[in-house]
Amino acid sequence: MLQKVSGFIQFHQLCQPESRILAAVSGGIDSIVLCEVLHQLKYTFAIAHCNFGLRAEDAEADQLFVKKLAKKYDVPFFTENFNTRAFAQQEKLSTQMAARTLRYQWFETIRQEKAYDYIAIAHHSNDTTETILLHLTKGTGIAGLHGIPAKNGYIIRPLLQVTKDDIYEFVTTNKLIWREDSSNETTKYQRNKIRHDVIPVLKEINPSLEETMQHTAERVSHAEAIVALYIDQLRQQCTKEAEEAIYIALPPLQQATGLPVVLHELLRPYNFSYSVVLELVAALEGISGKQFDSPTHTLVKDRDQLVITPKNISSFGSIMIAEGETTVEAGNMSFSFRYADAASYKLNTKPHVAALDADQLKFPLKLRAWQEGDWFVPLGMNGKKKISDLLIDKKVPANLKPQTLVLVSEQSIAWVVGLRPDNRFKVTDKTQKVVEITMQRKP
């Protein structure tokens with residue numbers, strides 16, 4: 001089996017011999033085989049394990065088992081505990097989809113922070129068969145028929161050509177121990193029902209079902225590549241990625257053949273379902289401001305464009321800023337504070353910079369999201385203005401409005417971040433000390 005996996009890795013160029021790999025390990029038989037294969041092929045790897053809090057003591061036993069496994073291989077071990085049910089309820093997701101979202105986002109965070117090249121997942125040939133059948137049953141586009149890709153960005157699947165029988169033979173030969181997840185046997189989950197009730201019947205018709213499905217997936221994958229070329233050309237014409245959002249211009253799409261399918265492919269990276277896309281197509285000729293949601297993103301139809309923003313799994317809340325502080329992190333933004341004498345200070349009028357009179361500020365300052373009813377005195381004016389009205393005047397799309405932050409001094413807003421300072425805190429000829437605050441969005 002090692003030769004089979006090694007050949008698969010080379011053929012699909014999944015990684016290089018010197019690559020640093022983060023292996024996703026549940027403790028089940030598939031991920032245990034993944035670890036042993038990586039070990040025997042002499043790859044540099046670490047182990048990442050998620051405890052989703054769904055199986056009480058069993059989950060804790062899995063966590064301990066995988067920790068000991070990392071010690072056996074003498075590799076780094078990363079683990080995280082999630083309140084999956086609460087997240088699923090908050091985001092209106094199934095428990096399985098919530099776990100998947102949390103898992104992959106956390107894996108990518110670890111990959112970036114610890115400088116790993118790839119994340120290895122233990123999917124195998126039988127998983128491809130189950131995935132295609134599940135997608136066919138629930139409805140799918142072309143992408144749902146190519147099964148599970150061997151490589152998707154930083155995600156690699158070295159065992160994808162290996163069957164479950166190969167895995168059982170490998171663990172027997174290498175005398176490996178694994179943890180059995182009792183939830184794999186229950187048919188209350190859709191995938192398990194496909195695995196236990198449907199596939200055995202289909203294998204009576206075609207004993208080589210896994211191989212047949214793998215070949216079908218490969219042919220579909222080539223057809224998908226042809227479609228993807230057209231979609232990529234269209235994406236270059238109409239899509240613009242900015243720090244705060246993704247913008248899709250509607251005019252280039254108006255002449256597209258099969259608009260629902262085209263739009264669904266354009267929106268696939270943001271996880272919008274085909275049914276949501278159909279609702280969106282029906283709303284394109286309507287008024288601006290209608291909102292659509294996927295598990296990970298929010299989309300708003302705004303005049304002649306679509307505005308897409310990622311959902312934040314957690315909010316940073318409010319942050320207190322002490323006098324003299326120079327750097328503050330807030331969600332996907334960072335703020336730097338510079339103090340200068342007014343006599344030598346050159347005013348910066350860029351929207352992401354606020355120059356304020358230090359003597360007018362009362363520390364500690366508070367950085368928070370704006371709230372309904374908030375008001376300030378816009379720079380250059382004497383009268384009050386509601387921030388909600390400012391956002392309308394600035395034509396800020398609905399899904400970007402919640403991301404607007406305000407800097408508060410006692411009870412007064414000193415700066416609507418990135419939009420406008422408050423006139424009461426402006427630098428004047430009487431100002432002696434200036435606080436210059438610069439906001440930057442993280443990539």
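Modeller: The discussion below covers salt bridges and then nonpolar cores. This is a predicted model, in which local features need pLDDT of at least 70 and side-chain atom pairs count only at pLDDT 80 or more, while totals for chains, interfaces and linings use all residues. Residues are numbered from 1 along each chain as its sequence is written, and side-chain values use heavy atoms, with hydrogens and water left out.

Biologist: How many salt bridges does the count come to?

Modeller: The count is 14 salt bridges, a salt bridge being a side-chain nitrogen of Lys or Arg within 4 Å of a carboxyl oxygen of Asp or Glu.

Biologist: Which residue forms a salt bridge with D62?

Modeller: The partner of D62 is R55, and their closest N and O atoms are 2.8 Å apart.

Biologist: And is D62 buried or exposed?

Modeller: D62 is buried, with a relative accessible area of 6%. Here buried means under 20% relative accessible area, exposed means over 50%, and partly exposed lies in between, using a 1.4 Å probe and protein chains only. R55 counts as partly exposed, at 24% relative accessibility.

Biologist: What about E436; which parts of the chain does its pair link?

Modeller: E436 forms a salt bridge with R338, with 3.3 Å between the closest N and O atoms. This pair links distant parts of the chain, as E436 is in strand β22 (residues 433-441) and R338 is in strand β14 (residues 333-341), 98 residues apart. Helices (H or I, at least four residues) and strands (E, at least two) are DSSP runs, numbered from the N terminus. E436 is buried at 10% relative accessible area, whereas R338 is partly exposed at 42%.

Biologist: Then where does D422 find its salt-bridge partner?

Modeller: D422 pairs with R424, the closest N and O atoms being 2.8 Å apart. D422 is buried at 0% relative accessibility, and R424 is partly exposed at 33%.

Biologist: Changing topic, which residues touch the most other members of the largest nonpolar core?

Modeller: They are I21, V33, F45, I47 and L159, in a core of 37 residues. A nonpolar core is a set of buried Ala, Val, Leu, Ile, Met, Phe, Trp, Tyr and Cys residues joined through side-chain atoms within 4.5 Å.

Biologist: Which element gives the most to this core?

Modeller: That is α2, with seven residues.

Biologist: What does I47 touch?

Modeller: Not counting residues up to four places away in sequence, I47 touches several residues, including L22, C35, V66 and F78. Contact means heavy atoms within 4.5 Å.
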